[in-house]
Amino acid sequence: RLAELEESNEMSIVEMVSGMIGRFVGTTLLPRTDAECRWHYAKAVCVPKCMCEFVYKAGDLTPSRSCRRRKSVSLSIDDCDADLTKEPGLLVKVGKGAKQAAIATADFMDQAAPPSDPTCD
């Protein structure tokens with residue numbers, strides 16, 4: 001404890017206030033998250049997949065903070081299969097999403113602005 005007191009005496013007021021603000025933000029303002037869940041950037045999925053899911057809450061600053069434990073999980077972290085070899089990668093998922101967006105946009109344009117009458121050209 002003495003070493004902690006000596007160290008705190010060497011800190012400036014700005015350092016002490018910034019530490020207090022950081023602890024306040026981290027423990028009070030940001031939503032709670034589960035330590036055993038993390039974001040796998042290459043596969044764009046929360047792991048371990050059988051225990052965790054992506055549930056964004058306002059204040060989540062990173063994808064890992066949005067990974068939360070599933071509500072109904074009966075497996076322990078040791079029993080969970082962490083094999084992601086069959087999981088499509090991030091680029092595959094982005095490509096599928098872009099394709100779906102392009103199809104939806106084309107369908108909308110066909111309905112909202114149908115082709116003009118050939119006799120009007």
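## Partly exposed R70 and its salt bridge

R70 is partly exposed, at a relative accessible area of 31% (buried means under 20%, exposed over 50%, partly exposed in between, using a 1.4 Å probe and protein chains only). Its side chain meets that of E53 in a salt bridge, 3.7 Å from N to O; the term stands for a side-chain nitrogen of Lys or Arg within 4 Å of a carboxyl oxygen of Asp or Glu. E53 sits in strand β3 and R70 in the loop between β4 and α4, so this pair ties together parts 17 residues apart in sequence. E53 is partly exposed too, with a relative accessible area of 28%.

## What kind of model this is

This is a predicted model, where local features need pLDDT of at least 70 and side-chain atom pairs count only at pLDDT 80 or more, while totals for chains, interfaces and linings use all residues. Residues are numbered from 1 along each chain as its sequence is written, and side-chain values use heavy atoms, with hydrogens and water left out.

The protein chain averages a pLDDT of 79, and 77% of the residues score at least 70 (pLDDT is the predictor's confidence in each residue, from 0 to 100).

## Overall layout

You'll find 4 helices and 4 strands in the protein chain, running α-α-β-β-β-α-β-α from the N terminus. Helices (H or I, at least four residues) and strands (E, at least two) are DSSP runs, numbered from the N terminus. Of the 121 residues, 16% count as buried.

Take the contacts (heavy atoms within 4.5 Å) between residues at least 6 apart in sequence: 56% of them join residues at least 24 apart. The chain exposes about 9,500 Å², with carbon and sulfur atoms supplying 60% of it; accessible areas come from the Shrake-Rupley method with a 1.4 Å probe, and for residues only the protein chains shown count as cover.

The salt bridge count comes to 5. In one of them, E36 pairs with R69, and the closest N and O atoms are 3.0 Å apart. That pair links distant parts of the chain: E36 is in the loop between α2 and β1, and R69 is in strand β4 (residues 67–69), 33 residues away. E36 is partly exposed at 29% relative accessibility, and R69 is partly exposed at 31%.

R68 and D60 also meet through their side chains, at 3.0 Å from N to O, and both of these residues are buried.

## The core around A44

The largest nonpolar core has 7 residues: C37, W39, A44, C46, M51, C52 and C67. Such a core is a set of buried Ala, Val, Leu, Ile, Met, Phe, Trp, Tyr and Cys residues joined through side-chain atoms within 4.5 Å.

A44 is in the loop between β1 (38–40) and β2, and is buried at 15% relative accessible area. Its phi is near 55°, a positive value in a residue other than glycine. Neighbours within four places aside, A44 contacts W39, L90 and K93. For another backbone detail, look at V47 to P48: that peptide bond is cis, with omega near -5°. P48 lies in the loop between β2 (45–47) and β3 (52–54).
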